[in-house]
Every structure is written in structure tokens, then in C-alpha cells.
Amino acid sequence: MVPSFYLYFALALPALLALATLLRLSPAAQLRLLAFGTAGVALGALPAVIRVWAGCDEIVAAQGWLRLDALGALHVLLLLAVFVPAAVYARRYFGVEIAAGEFSAGAARRFAALWFGALAMMLLVLLANNLGIMWVGVEATTLLTAFLICTHRTAGSLEAMWKYLLMCSVGVAVAFMGILLIAAATRHTGMPATSALLWTNLMATQGKLDPALVKAGFLFLVVGFGTKAGLAPMHNWLPDAHSQAPSPVSAVFSGCLLNSALYCILRCLPLAEGVSGNTGWARGVLVALGLLSMLVAAGLLLAQRDLKRLLAYSSVEHIGVMALGVGLGGLGAFAAMLHMLGHALAKPLGFFCAGTIGQAYGTHDLRRIGGVVRQAPPWGIGLVLSLLALIGMAPGVLFLSELLVLKAAVEQQAWWTVGLYLAALAVAFIAVLRRAIALGWDSSAPPPERPSAAAAGADAWLLTILPLVLLSVLGLLLPMGLAELLLRAAMIVGGAL
Amino acid sequence: MNHILDTLLVILLLSCFLLLGTSRLAAAVRMTAVQGFMIGLLPLAIEGGEIRLRVAILAALIAVLKAGVFPWLLMRTVRSAGTTHEERPLVGYGLSTLLGVAAVGAAFWLDSRLPFSAEAHSKLVVPVAFSVMATGLFLMVARRTAICQVLGYLTLENGIYIFGLAIVSGIPMLVELGVLMDMFVAVFVMGIAIFRISREFDHIDAAQLTSLKG
């Protein structure tokens, strides 16, 4: 089969499934379609990922407008690793609501259609080789996911949706300014307008681009896409959206949506670095924003009383670690890729468990939940262990990656960075550990209102244990094949070992 | 000198002042429709004599969407939300207009410091683009009704579009169509969002959506 066919297939499948959800199905059937359909999309996209993983440099389709390289393949892999469990978990999460008569057929249809639409658009962002098409994809994910936040139409979810919609739309509009500036920088390359905005062409003609315009464009792109990625100080929408959305959606937001926006910044980074003469100017921007995000998130983690907001601020912190790692470059870029992998395993797990425990207790208020290890076995254990993994407890992938980021900073003798990085990690560690212990073993909290919602089943054990095993095994022993993919992805953004 | 182009740009600038100075939502929506129509004509005016088919199609599409479909969708939203006026703006209309004048001044000053105008089709394009963008951002911050914030967003997008016309020789057709489609979905989604908010809260005062904190 022609490799380019894989890319068309990966994009067309979710789009077709989005149409299929418009059939009149019962809510339960709609959720089955969601789970099996998402698994189908994963199977459809895997051949392309595997081909690149196995050593093929890139797959190109549509006359160079679609392209998958190692960086893209890693992101697609992580996207699928979040979406598939989230779709399986959605069956369980909304199953509880169907039983309570709170999830109508219309709501299920809308949810499934937007789910597949968002999946298609995120894949488009990762597969697009054209800066403009990438922008179209990012804006489309904002619009499609907005109504996923208010699946339950409460005052809080509407407020969160409106904030998300406006902040991210404006952010992405700012990013478009950046794209225009970069397009303007190609004036003297002599390329026709239709092909000037292709990544591959931009990278190939770096020498002829106007440096001042590219630099200005990069700043606009970082601020614009950084809003969507949840980098501080543009992160205000994030805790609201993550805490108000239903848990499967929160998992997708944290594990994929933020990463796909960061991915756009990662793409621009080598361009801005190359054009500005590899002085580390563009990297410095990312280091500063990464550290700021970590510090802001760490401070706010201390004050959190809501379980899902706690997880949301932890996402701001982790996006900060990724930006910092990539900004440091070299080993740091590799560590950032590894961190992305660990975060994509740990954070959705945290949101799944928080969602189910929230359903059982009827609240996400940390003061009214406690002793979950005994009260709700697989979910409680999963929640506590995912929180521990997220603060970088050994053995875990995130421990390893945070250590490597530290090593990269020490090697560069960036002592201020080292100090601030360690301070933020320590504060976040204490803030979350305190909560995790109370959540897990505080027996003074009232028992759950609806214990049946957190019933253990084969799917519950699978959803919680599998990521935990992966997190600890990969943290101890990273397989060569996977490390190679991470390294190849890191090298695209200026990494090395 | 391209007189038609300059005329269009001046009308765009005036529409910004009218947007800043009105409290009636219907009038504000109509003003963005006028703005959208001018935006549609801009590429034609830049082309001058020979107009290529591609440019003509895009111009027509932009004019239909921005001057027809968007205002229609927004008018429907205004009616369904049952709010006709911006009651208590965070910044009054007189002060808003004054700030608008200051923004135009700042836009011309900024333009004089930047190299864009040298290659643009008219000396007015870039400053007008900056002013329109500033107006859009200002409306989003200084107005409380959700509709005005959407109008601010559309105005911001218009400003960015004008800026693009000034500094980029050509954006690929596919990208332009994608951007327009996103804009269409954005207005559509925001319209539904406003409708739902107005049903849930009995108002579309976005400044009162402040229960989520910390």
C-alpha cells in the first residue's frame, strides 16, 4: 500500500465516525460506538505511526501538505494512548448517568459527534505540514471541544465554556498574526504563496527569511498557541474548563489538547532558532514561560480545595516542565518528550479516578473526600498512585524525566533555572502529597453517597492498573525502541543525548 | 494613490468609532456587517484593474459571510437573548470613543516605527489594521454583554485580516477557506453559547460569570 494512503485514512476515519454518530441511537449504543470507533481510529492511524517509528523518516501526502515525521508520530501515538482509554472510560462514566436518567439520547449524540470531530481536528493539527492548516485545526479544536465542557448544562460549566471559548479564540487569533508575520518573512525567498507556508520549505529556506519578522512572528505564535497550551500567564481558562468538563473530556483536554497546542510551538522553535542564528533567543522564551508556569501552578496548587482543579493546575505545571525541557535543548528536549509520555499516562488516569470518585461522593471537594483507598478500591488506589506519579515519585517515568531536565539545566550551569525549577517542584510536591495522603487514608471523612458508582469491575482494574504498570516499568527500564523514537522526536526540536 | 482603497479604509475606521459609541446591540451588529462588507471589497480594491477569478470568489465569499450570514446569526441571538442594550458598560461610551481616537494615534505612531508600510498598497492599510484590532480587543474587555464580546472578536479578526492583506502577498486559497470556515463555526458556536447562557442565567452579562475562582 502507498504510505500516503495511511495519512488520508487516519484523517478520514474520525470524520466519517462523526457523521455516523448522527444516526438515531440510544445513549448506550452511542457510547459503544464511541469506544469502538475511537479504538478503530487508533488502529487506522497506527500503521502510519509504526512506519515512521520503524525508521522511515517521514510520510508525505497531498503534495506535501500532510506530513508525519518522528515528532508528529510521537504526538499521534500519545494522542491515541489518551483518547482510547478515555473513550472506554466514557462508557463507564456516562453509564452511571444513564442509570440515573441524566444522560439523554440527544446529549449522547452531541457528545459523540463532537468527540470524533475534535479527534479528527487534533489529528489534522499533528499531520498538517502547512502552518495555516495547522492554525485552522487548532481553532477548530477550540470550537468543537467548547460544548464538550458543558455536556452537563450547569451554571459553572457554561461559565467555564464561555471563558474557554473567548480566551482561546483570541489566543489563536493572536497566533494567526504570528503566521502572517512569518508569511511576510518569506517575501524574498522567491517561493510561490501556495508553498511558502509549508514547514519543510520554511526550514529549507531559513537563510533567506527576514529574521526580525520571524522573531516577531515567533513571539505572537508562542503567546497565541501558549494560551491554548495553558502556559502561564495565559492559563486562566484552564482550571475552569478542566474542572467543569466531564472527566473523559478533562482527560483529553489535559493529555492531548494542551500537547497539540504545544506541538505547534515546538514546530516553530527550530525555525525561530535557526533564523535568529542559534543564539538561544527562542529557547530562552520557552525557558522563561516554562519556569513561570511551574511557579504559578505550584503556588496555586497549595491553595486548591477541589480535586479536579488540583489536577488542572498540575497540568499547567507539567506543560511548564515540557516547555522548560525543550527550551533547555539537548538532553532537556529528550527529557521533555519523555515527560510528555509520562504525563499522557498519569494525568488521564488521575482524571478517570477523580471522575468516578466524584460521582460516588457527589462532590470534588477535597475536604469531603477521604479514605478512598479502602472505600473505592481500584479507583482510590489509582487516584493516590497517579497523584504520586505526577509529583515525580520514583519509580516513575515522570521522576526520570524531571531528573533529566534537572541534569540538562545543571550541565548548562543555568543556576537560576535550577533553583527556580527545584523550588517549584518542591512546592508542588508538598502541596499534592499533603492532599494525596488525606485523600487516600483520612478515615474521618464521610463515606460515599453512591458507592455503586465506584464499583470495581474488569474494566476498572484494567483502566487503573495498566497505566500504573506502564508508568513504573517505563520509569525503570525504557525500551531501546521507544527511547529511539523519543530521541528522534527530540532531535527535530534541537535535542541530543 | 488608490482612492477606492483609501475610501474603504476610512469607512472601516469610522465604523470602529460607531462600534465604540453605541449601546444598541442591533446597531452594533449592523456596524460589523458594514465592516464585513468593506473587508470583502478590500482585496478587489487592492487588485485594481485586472481582477483574478480567485480573488473575486474569495471577496464574494467574505462579503456574503461577514456582511450577511454572521450578522443574521447574531441578530437572531440578540432577539432570542431578549437583551437590546448594553446596560452598564465597564467603560462609558464617551470615554470609549476618546480611547478610540488615542488608539488611532498610537496606531499611526506604531506604523511609523515599523517597516510594513513601505511595501503596502496604501499608507493607511497598516495603521487602520492596528486601530481595528485595538477596537476589537477593547470591546472584548470593556463590554459586559456576551454579544459585544463576540463583536469584539469579529472586529479583532477583521483587523488581523486587513493586516494580512497589507503584508502578505498571498495566502493559499485552502488556508483562507479554512480560516473562513473556522470563523463561521465560531460565530455559530458563540451564538448557541449565548443562547444557553441567557436561558440559564436570565442575562448575557458575561461580567457576572465569575463564580469560578482560584
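1. Are A:Tyr164 and A:Trp237 buried or exposed? Both are buried (under 20% relative accessible area with a 1.4 Å probe, protein chains only). Keep in mind that this is a predicted model, where local features need pLDDT of at least 70 and side-chain atom pairs count only at pLDDT 80 or more, while totals for chains, interfaces and linings use all residues. Residues are numbered from 1 along each chain as its sequence is written, chains are lettered from A in the order in which they are written, and side-chain values use heavy atoms, leaving out hydrogens and water.

2. On the rings: A:Tyr164 and A:Trp237 make a tilted aromatic pair, 5.0 Å centre to centre with 50° between the planes (ring centres of Phe, Tyr or Trp, its six-membered ring, within 6.5 Å; under 30 degrees is stacked, over 60 edge-to-face, the rest tilted). A:Tyr164 sits in helix H6 (residues 155-185) of chain A and A:Trp237 in helix H10 (residues 237-244), so the pair ties together parts 73 residues apart in sequence. Helices here are DSSP runs (H or I, at least four residues), numbered from the N terminus.

3. Now the interface: 43 residues of chain B are in contact with 43 of chain A (heavy atoms within 4.5 Å). About 3,700 Å² is buried between the two chains, 75% of it from carbon and sulfur atoms (accessible area lost on being put together, 1.4 Å probe, summed over both). In chain B, B:Asp182, B:Arg196 and B:Leu212 lose the most area to chain A, together 19% of what that side buries.

Key. Helices (H or I, at least four residues) and strands (E, at least two) are DSSP runs, numbered from the N terminus. Buried means under 20% relative accessible area, exposed over 50%, partly exposed in between (1.4 Å probe, protein chains only).
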